[in-house]
Amino acid sequence: MRLRRLVTAALLAATMAGPTAAVASAAPKTDPDDLTDTKYQAISFGMSRQQVAAVIGTRPHCSGTGSDGPLVCWAKNQFDDQTGSFTFNTADQLTRKEKDYAFAYAWYTRDLPMIMTKAQYEQQFAVGDTLAEVNARIAGTACTDRWVEYPGYPSPSGWKTMIQCTGTVSEAYPDIEFHFTDGVLTHKTYYSRNDPH
C-alpha cells in the first residue's frame, strides 16, 4: 500500500511538473519562416496575399491568409508581440505594409544612436520638407518607416508613409512621427512623458 502511494505521488509530481517543463521549453526561438527585415523589404506593392505569405515562409506564421482583412505575420517569434501587417485591395493587390511598434523598435534601435532631441525636431524639420530631405537629416538616427501605403494602387498618386523615430533617454525616449503624402511632409508630432501636454 505504501509503495502504491509513493508511485501515485511520483506520478502526480511528474504530471504537475509537465506544464512547467513545457513552458520552459517554449522559450522564444527564431524560426526560418518568421518575418524578418529582409523579407519585409522584399515584399512589394501589387503582390497578392498568397505571394506575400510565400515570401514569409511555408509554415503558418501568418493570420488572415484566407480572409479579406489584413495579413498579419509574426516577426522573430510568436511569443513576442512583434508583427508586420499587409493590407490588400479588392483586386488582391498589396496596398499597405506596416511594422507594429515592437517590430519596428527592434529594427530601428539596433546599433543606431538615439540622438534626436526636441530642439532638433523643432528646428530641423518643417511641413513642406521632402522625404529625401528628412531622410538625409535623420540618417544614422533611430528611425524607421513604420508604414507605407498606396491607397489608389496601382496609381502612385496620393501615396503615404510615416517615419517614426525615438529620441534621447534624457527626454524619456520621445515618440516622434513624420507623416508624408506624395513624398512631402504634411505634419509631424512629438510626444514625451517629460512634456507638460
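Which residues form one aromatic cluster? In this predicted model, the cluster is made up of Tyr121, Phe125, Phe178 and Tyr190. The structure as a whole holds 6 aromatic pairs. In one of them, the ring centres of tyrosine 121 and tyrosine 190 lie 5.3 Å apart with the planes at 45°, so this pair is tilted. Tyrosine 121 belongs to helix H5 (residues 118–124) and tyrosine 190 to strand S8 (residues 184–191), so their pairing ties together parts that are 69 residues apart in sequence. Tyrosine 121 is buried, at a relative accessible area of 8%, and tyrosine 190 is buried as well, at 12%.

Turning to covalent links, a search of the whole structure finds 1 disulfide. It is formed by cysteine 143 and cysteine 165, with sulfur atoms 2.0 Å apart. The two cysteines are 22 residues apart and link distant parts of the chain, namely strand S5 (residues 143–149) and strand S6 (residues 160–166). The link is right-handed, with 110° about the S-S bond, and both cysteine 143 and cysteine 165 are buried.

Threonine 95 counts as buried because its relative accessibility is 8%, below the 20% cut-off. Beyond its neighbours within four places in sequence, threonine 95 is in contact with several residues, including Phe45, Phe88, Val148 and Tyr153.

Charges over rings complete the picture. Arginine 96 lies over the face of tryptophan 147, at 4.3 Å from the ring centre, while lysine 97 places its charged end over the ring of tyrosine 40, 4.7 Å from the centre.

Methods:
Residues numbered from 1 in each chain as written. Predicted model: local features only at pLDDT ≥ 70, side-chain atom pairs only at ≥ 80, totals over all residues. Heavy atoms only, no water. Buried < 20%, exposed > 50% of the residue type's maximum accessible area, 1.4 Å probe, protein only. Contact = heavy atoms within 4.5 Å. Disulfide = S-S within 2.5 Å. Helix = DSSP H or I, 4+ residues; strand = E, 2+ residues; numbered from the N terminus. Phe/Tyr/Trp six-rings, centres within 6.5 Å; stacked < 30°, edge-to-face > 60°. Lys NZ or Arg CZ within 6 Å of the ring centre and 35° of its normal.
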